[in-house]
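Colleague: I would like to go through this model and ask what stands behind each label. Please give me the value and the cut-off each time.

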Amino acid sequence: MSYHIARKLIPAVTILAAAATSAFAQSNLIFYNQTNGLAAVTTLSRSDVPQTISVQSLSPGWTQFVTNADLFYSADTGLAATVYVDSSGYLYTMQDFGFSTGWSQIVAVGQNVMFYNRQSGLAVTGWFDSGGFHQYPTVLQFSAGWTNIVSTAQNSLLFYNARSEERRV
């Protein structure tokens, strides 16, 4: 990554996502500046030398990028979009969505996606396909306050609270 690109992106990078869907076999990192919408797709080659392959302007304000679902989401507006990264490293919008506002964590678990609200502890799950998003009818109730949720290799969820350092699987 050139110094010029790094200076514009790094001070305000709010989303760093790994391995977006790609037309090629390298791992991708997406650097995104929430304030101005500037995004850079960087690859890691077999030698693990990062190389920025594209820089483009996206809409500002995305608060999350969900790896394995390739979903950008704004907790402020509820707007979301699934994206595709082509072999040149350019991001293309596949579908636009309107969800509720306030989802603080969105996690891909296998083929499913869970939306979690840190304030209420409520969560919903569903899946994406070419027909859109399909929500399961059950609304889940977890404890409120989880600051981080990640999917494990066994398709379980690891919940973490950064304030209390509590963890649960």
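Colleague: What makes E3 and strand E4 a pair, and in which sense do they pair?

Modeller: Two strands pair if DSSP finds at least two bridges between them. E3 and E4 (residues 50-57) have 7 bridges, in the antiparallel sense, so they meet that rule. One of the bridges sets leucine 38 against serine 57 in E4. Strands themselves are DSSP runs of at least two residues (E), and helices are runs of at least four (H or I), numbered from the N terminus. Bear in mind that this is a predicted model, where local features need pLDDT of at least 70 and side-chain atom pairs count only at pLDDT 80 or more, while totals for chains, interfaces and linings use all residues. Residues are numbered from 1 along each chain as its sequence is written, and side-chain values use heavy atoms, with hydrogens and water left out.

Colleague: Why is strand E3 called mostly covered?

Modeller: Of the 7 residues of E3 (residues 38-44), 6 are buried. Buried means under 20% relative accessible area, exposed means over 50%, and partly exposed lies in between, with a 1.4 Å probe and protein chains only.

Colleague: Why are E5 and E8 described as edges of their sheet?

Modeller: The open sheet has 4 strands in the order E5-E6-E7-E8, with antiparallel pairing. Strand E5 (64-66) and strand E8 (91-98) each have a single partner strand, so one side of each lacks a neighbour in the sheet. Neighbouring strands here are turned by 25° against each other on average, direction ignored; the angles are taken between axes fitted to C-alpha atoms (for helices over the stretch in contact), on a scale from 0 to 180 degrees between N-to-C directions. E5 is joined to strand E6 (residues 71-73) by 3 bridges, antiparallel, and glutamine 64 stands opposite tyrosine 73 in E6.

Colleague: Why is the pair of tyrosine 116 and phenylalanine 159 called edge-to-face?

Modeller: Rings of Phe, Tyr and Trp (its six-membered ring) pair if their centres lie within 6.5 Å; planes under 30 degrees apart count as stacked, over 60 as edge-to-face and the rest as tilted. By this rule there are 17 aromatic pairs. In this one the centres are 6.5 Å apart and the planes stand at 80°, so the label is edge-to-face. Tyrosine 116 is in strand E10 (residues 112-116) and phenylalanine 159 in strand E14 (residues 157-161), so the pair ties together parts 43 residues apart in sequence. Tyrosine 116 has 0% relative accessibility and therefore counts as buried; phenylalanine 159, at 7%, counts as buried as well.

Colleague: What makes the pair of phenylalanine 128 and phenylalanine 133 tilted?

Modeller: The angle between the planes is 55°, with 4.9 Å centre to centre. Phenylalanine 133 has 19% relative accessibility, so it counts as buried. Both rings belong to one aromatic cluster, together with Tyr73, Phe97, Phe99, Trp103 and Phe115.

Colleague: Which residues touch the most other members of the largest nonpolar core?

Modeller: They are Leu71, Phe97, Phe99, Trp103, Ile106, Phe115 and Phe128, in a core of 15 residues. A nonpolar core is a set of buried Ala, Val, Leu, Ile, Met, Phe, Trp, Tyr and Cys residues joined through side-chain atoms within 4.5 Å. E6, strand E9 (105-109), E10 and strand E11 (122-129) each supply at least two residues of this core. Apart from it lies another core, of 12 residues, including Tyr32 and Phe65.

Colleague: Why does threonine 82 count as buried, and at what relative accessibility?

Modeller: Its relative accessibility is 9%, so threonine 82 counts as buried. The residue is in strand E7 (residues 79-85). Leaving aside neighbours within four places in sequence, threonine 82 is in contact (heavy atoms within 4.5 Å) with residues including Leu71, Tyr92, Phe97 and Phe128.
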